[in-house]
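Subject: Structure for you to look at

Dear colleague,

I am passing on a structure with its sequence, and below it you will find notes on what came out of it. Please read them with the model open beside you.

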Amino acid sequence: MGKIKDRYAIVGVGESERSRNSGTTPLHMALDAARAALNDAGLEAKDIDGFMNYNENDSCTSHQLATYLGVRPKYVKDIQGGGSSTEMLIGDAIGLIEAGMLNTVLIFRSMNGSSGQRVGRGYDPDMLQSALPGGSYIIPYGSASPSQWFGMFATRHMYETGITKEHLGHVCLSFYEHAQRNPKAFLHGKPLTMEKYLETPDISYPFNIHDSCVELDEANAIIVTSAERANDCKSKPVYIMGMEARQCHPNAHYWADLNQVASDYVGENLFHSAGVKPEDMQVASIYDCFSWVVLRQLEAYGLAPKGEVGEFVADGNLRMDGKLPTNTAGGMLSEGYTHGMNNVLEIVRQLRHEYKGAERQVKDCEIGICTGWSGPDIAGAMILRN
């Protein structure tokens, strides 16, 4: 990607209510999230000329959202995708603004992820065997859900590095602790202890329910524009210093090498484009569909030393008083789950210092990293500053 440092910004974020049963449509929730983001930015719907969303055939279209907001959009995009799609669409928005085709873009994810289509229930084996890269090698053996797929990578990584169940538990405990400070977190009021974590039976080794994201009905929205236009917004802009929209595993059938993940290829260019180093990060939003995914990304991005990431989290470094406060709203493990977009909302709010004066605010944070994980096969990330 070209030189974009500090030339583009996130100026609006918003979400709908989150629940186990929304009783409404993804379009309704998307409207709630979009209006909240517009209000946050101090913009009107007519100021948005581009609309984008990602989905898994479980949402409304960008055209529908724009129309119900009363806008005739110049550009709409709907892609099929989950994790890392937020970063990818932000990259697409930047490219279109850079080309002079658009001015301001609203990106959203809306899903009845609990009462409707639930990813955690697994997929149709007949479909996956042909649609999933390498699916014919794993589906016949009963591996048809993300917890089973990522569990294979996790188990191999744990064997290679000495990571234990307790280390996975420390990730969960840190994020559950953050959720207790966030009234909007779904698991607010439900603290977790290591004893309870270890007593909970596994769903698919090494993951139990606490290691797994909380699937809910909700919508999130983000507004992206140029730094120049950001100056006219009501909100404090959060600038994009560097970005790697989507990198891939070197093998199409990525099951062939469990020791590599796409995230391993993101960090070098990401930090170079932003002109900073991993040790400069003061706050983080790390994609957390499962606890182990956090550990593997901390290692991949150089945020924790290879071979020592288990002790890094055991020492409390993901907590508010740690070296790298991470997923400070509770993350997808305990706040909510929109394939990562809720983590972007939180890091924007942290860098704006919206919680100043409360124990939920990371003290004096000015720069942070946000990562996306579509799986071992696809990953992206961005570095943001206030």
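Buried means under 20% relative accessible area, exposed over 50%, and partly exposed in between, with a 1.4 Å probe and protein chains only. This is a predicted model, in which local features need pLDDT of at least 70 and side-chain atom pairs count only at pLDDT 80 or more, while totals for chains, interfaces and linings use all residues. Residues are numbered from 1 along each chain as its sequence is written, and side-chain values use heavy atoms, with hydrogens and water left out.

W373 is buried, at 1% relative accessibility, and F150 is buried as well, at 7%. Phe, Tyr and Trp rings (for Trp the six-membered ring) pair if their centres lie within 6.5 Å, with planes under 30 degrees apart counted as stacked, over 60 as edge-to-face and the rest as tilted; by this rule there are eight aromatic pairs. Helices (H or I, at least four residues) and strands (E, at least two) are DSSP runs numbered from the N terminus. F150 and W373 also belong to one aromatic cluster with F207, F290 and W292.

Turning to the sheet, nine strands form an open sheet with mixed pairing, in the order β3-β2-β4-β7-β1-β8-β11-β10-β9, where two strands pair if DSSP finds at least two bridges between them. β3 (75-80) and β9 (283-285) are at the edges with a single partner strand each, so one side of each has no neighbour in the sheet.
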